[in-house]
Amino acid sequence: MSKETNSDEFYAKLKDQLIQTSLWPNVYLYKFIIPVEPDQSKELLAIFDNQGAVISSKKSKTGKYQSYSIKIKLKNPDAVIGKYKEVTKKIKGVISL
């Protein structure tokens with residue numbers, strides 16, 4: 001099974017869960033971990049810029065990773081998934097929690 005098929009299945013399941021558990025529009029909490037080298041924090045922050053997102057970050061104990069918690073109000077589950085796809089496309093080595 002290809003990686004793309006797995007992610008399509010993941011996003012379909014996530015969409016179903018979001019529809020069943022939330023009323024939209026709603027605030028969604030993203031959690032990402034990205035490597036510090038190369039510095040990709042600007043790219044991550046640009047994805048959520050000027051959209052009313054509340055962003056907090058913390059460096060790992062070793063200083064090799066930076067974690068981000070991003071709360072943002074989105075109109076529907078498709079918008080949530082769209083942000084995940086944009087982040088994974090633009091940020092190398094991102095871990096989504």
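Residues are numbered from 1 along each chain as its sequence is written. Because the model is predicted, local features need pLDDT of at least 70 and side-chain atom pairs count only at pLDDT 80 or more, while totals for chains, interfaces and linings use all residues; side-chain values use heavy atoms, with hydrogens and water left out.

I begin with the sheet. It is open, with four strands in the order S2-S3-S1-S4 and antiparallel pairing; strands are DSSP runs of E of at least two residues, helices runs of H or I of at least four, both numbered from the N terminus, and two strands pair if DSSP finds at least two bridges between them. Strands S2 (54-59) and S4 (95-96) form the edges, each pairing on one side only. Six bridges join S2 to S3 (residues 65-74) in the antiparallel sense.

I turn now to the aromatic residues. The structure holds eight aromatic pairs, where ring centres of Phe, Tyr and Trp (its six-membered ring) lie within 6.5 Å, and planes under 30 degrees apart count as stacked, over 60 as edge-to-face and the rest as tilted. The rings of Tyr 28 and Tyr 30 are edge-to-face, because their planes stand at 70 degrees, with centres 4.8 Å apart. For Tyr 28 and Tyr 84, the centres are 6.0 Å apart and the planes at 85 degrees, so this pair is also edge-to-face. That pair links distant parts of the chain, as Tyr 28 lies in strand S1 and Tyr 84 in helix H3, 56 residues apart. Tyr 28, Tyr 30, Phe 32, Phe 48 and Tyr 84 form one aromatic cluster.
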